[in-house]
Amino acid sequence: MWKGPREGRSNILTILDLRDRNYRLAVVNGWLVWLGDTFLHPNIVLTSFAAKLGAPGALIGLLPALLQAGGMVPQAFLAPYVARFPRKIVLYRKVAALRLLGVVLMALSAFFLGAWPPLLFLGFLLGLLLNALFTGVSSLPFWEVVAKTTPPARRAALFSARNLVGGLLAFLTGFGVREILALPLPFPLPYALLFALGALAFGTGWYLFGLTQEPEEPPREERLDLRLPLRSAGFRRYLRVRVLLGLAGMAEPFYAVYAVRTLGQGQELGLYLSLYALAFTLSNLLWARMAERGSKGVLQVGAFLALWAPLLALLLPPPLFGLVFLLQGAYLAALGLATTTYLLNLAPPGERSAFIGLANTVAGVFAFTPVLGGWLADGLGFPSLFILAAFFYAWAFYAGRKLPQEG
């Protein structure tokens with residue numbers, strides 16, 4: 001049975017100890033990326049933007065899927081290429097400008113193409129595709145640099161620090177998003193402002209992480225065997241859980257769509273964003289402490305909480321619908337922290353690119369399940385979609401019990 005290292009005991013002061021330069025850059029990068037993700041939140045801002053343009057459900061589901069899958073699917077194919085770089089941060093810097101170009105294209109389309117909705121959506125979609133594609137190129141170097149520059153005992157603290165303050169910033173920014181969307185400006189200018197602010201936050205964060213001082217290592221000359229991770233029973237069980245979580249994620253973008261189209265709560269999107277960020281932020285204090293005993297427990301708690309969100313979405317009256325986003329923020333924080341730290345600790349240093357690349361590529365393929373979710377929502381209704389998602393989260397919770405325990 002695989003045994004990962006125990007995390008050292010931590011509190012807010014140790015998590016936010018930014019004296020180490022590389023740790024500081026990675027943490028501040030996370031805060032700024034949190035801001036960018038809030039201005040361009042895929043499950044709230046982007047889906048509501050597409051809904052206002054009259055896009056069908058399947059296409060709305062495709063938008064967050066593109067962002068998630070674009071950052072994950074290419075990783076297995078890029079792993080041999082990335083492994084040849086003595087310093088992976090060099091590749092990260094090269095693609096940062098191309099990622100930023102995609103977000104800028106989204107903003108420019110919203111500023112200048114509002115009179116031509118088909119062209120507006122085309123420019124928006126092209127920008128999203130460009131950003132997603134080069135996110136995939138930069139993601140594997142990012143994880144490699146984090147793994148090389150952050151000791152295992154500090155990894156959970158690193159991601160908790162990113163999420164703790166980043167989530168607080170996102171919570172406060174959510175009120176700003178609400179005010180921007182309420183401005184007396186014609187559509188899509190409020191969204192154009194959000195996209196522009198997102199570009200500024202993302203660009204600054206990517207630049208700062210590019211300053212990381214990564215130790216050089218000999219380039220890998222031998223062929224990287226992507227079949228090797230599958231020989232690990234622990235990795236196969238981990239992959240099963242990631243696939244089930246991906247299938248359950250088909251409903252994630254549609255809580256906001258359900259609120260807009262069925263409950264008539266379109267004016268509350270900014271509030272929902274703030275509630276989501278608040279729950280994500282505060283729950284990280286709990287998840288970070290739990291991660292000291294291993295990421296497996298955090299993953300199981302996250303899956304258990306997640307299965308209740310789609311059920312509550314069907315039961316809560318409109319004034320209380322914000323509780324769904326409170327719950328969503330808490331369980332996505334748990335699942336994000338657990339799946340990341342568990343994989344980094346599971347992967348042997350010499351095969352890290354293969355383990356991370358293969359796991360994220362497989363998970364990225366299942367990031368397209370919101371397209372299926374949109375089809376189900378349009379064809380069978382939101383209740384069918386939400387009940388199916390609850391079933392897959394329950395299955396992931398059960399499968400997580402069979403993961404090797406850290407410690």
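Mentor: Start with confidence, since this is a predicted model. The mean pLDDT of the protein chain is 83, and 90% of its residues reach 70 or more.

Trainee: Which elements have the lowest and the highest mean pLDDT?

Mentor: Helix H5 (residues 75-83) has the lowest, at 68. H9 has the highest, at 94. Then look at residues 1-10, where the pLDDT is below 50. In the model this stretch still has 33 contacts beyond near neighbours in sequence.

Trainee: What does the secondary structure of the protein chain come to?

Mentor: It comes to 18 helices and 0 strands. Next, take the contacts between residues at least 6 apart in sequence. Of these, 85% join residues at least 24 apart.

Trainee: How many of the residues count as buried?

Mentor: The chain has 407 residues, and 59% of them count as buried. Its accessible surface comes to about 16,100 Å². Carbon and sulfur atoms account for 69% of that surface.

Trainee: Which residues have the most contacts inside the largest nonpolar core?

Mentor: They are Phe195, Tyr255, Phe321, Phe325 and Phe386, in a core of 125 residues. Take phenylalanine 195 and set aside its neighbours within four places in sequence. Among its contacts are Leu40, Val103, Met106, Ala107, Ala110 and Phe124.

Trainee: Is helix H3 mostly covered or mostly open?

Mentor: Mostly covered: 9 of the 11 residues in H3 (residues 42-52) are buried.

Trainee: What should I check about the backbone?

Mentor: Check phi and omega. Most residues other than glycine have a negative phi, and most peptide bonds are trans. Just after H3, glycine 54 takes a positive phi of about 80 degrees.

Trainee: Where is the peptide bond that is cis?

Mentor: It runs from phenylalanine 187 to proline 188, with omega near 15 degrees. Proline 188 sits in the loop between H8 and H9.

Trainee: How do I read charged pairs?

Mentor: Side chains of opposite charge can pair when their charged atoms come close. Here the count comes to 1 salt bridge. Lysine 148 forms a salt bridge with glutamate 214, and their closest N and O atoms are 2.6 Å apart.

Trainee: Which parts does the pair tie together?

Mentor: Lysine 148 lies in helix H7 (residues 117-149), and glutamate 214 in the loop between helix H9 (189-209) and helix H10 (233-248), so the pair ties together parts that are 66 residues apart in sequence. Both lysine 148 and glutamate 214 are buried.

Trainee: Which residues make the nonpolar surface patch?

Mentor: Leu105, Trp116, Leu119, Leu122, Leu126 and Leu129 make it, over about 550 Å². H7 gives the largest share, 4 residues. An α-helix has 3.6 residues a turn, so residues three or four places apart point the same way. Leucine 129 lies in H7 and is partly exposed, with a relative accessible area of 37%.

Trainee: How do I follow packing from one residue?

Mentor: Alanine 26 is in helix H2 (residues 21-39). Alanine 26 is buried, with a relative accessible area of 4%. Not counting residues up to four places away in sequence, alanine 26 touches Leu158, Arg162 and Phe209. Valine 146 is 120 residues from alanine 26 in sequence, yet the two are 7.7 Å apart, C-alpha to C-alpha.

Trainee: Where is isoleucine 180 found, and is it buried or exposed?

Mentor: Isoleucine 180 is found in helix H8 (residues 152-181). It is buried, with a relative accessible area of 14%. Leaving aside neighbours within four places, isoleucine 180 is in contact with Pro190, Leu193, Leu194 and Leu197. Leucine 193 is 13 residues away in sequence and 7.7 Å away in space, C-alpha to C-alpha.

Trainee: Is arginine 155 buried or exposed?

Mentor: Arginine 155 counts as buried, at 5% relative accessibility. It is found in helix H8. The C-alpha atoms of arginine 155 and threonine 341 are separated by 6.8 Å, though the two are 186 residues apart along the chain.

How values were computed:
Residues are numbered from 1 along each chain as its sequence is written. Side-chain values use heavy atoms; hydrogens and water are left out. A salt bridge is a side-chain nitrogen of Lys or Arg within 4 Å of a carboxyl oxygen of Asp or Glu. Helices (H or I, at least four residues) and strands (E, at least two) are DSSP runs, numbered from the N terminus. Buried means under 20% relative accessible area, exposed over 50%, partly exposed in between (1.4 Å probe, protein chains only). pLDDT is the predictor's confidence in each residue, from 0 to 100. Contact means heavy atoms within 4.5 Å. Patches are made of residues with over 30% relative accessible area and no salt bridge: like charges are joined within 9 Å, nonpolar side chains (Val, Leu, Ile, Met, Phe, Trp, Tyr) within 5 Å. Accessible areas come from the Shrake-Rupley method with a 1.4 Å probe; for residues, only the protein chains shown count as cover. A nonpolar core is a set of buried Ala, Val, Leu, Ile, Met, Phe, Trp, Tyr and Cys residues joined through side-chain atoms within 4.5 Å.
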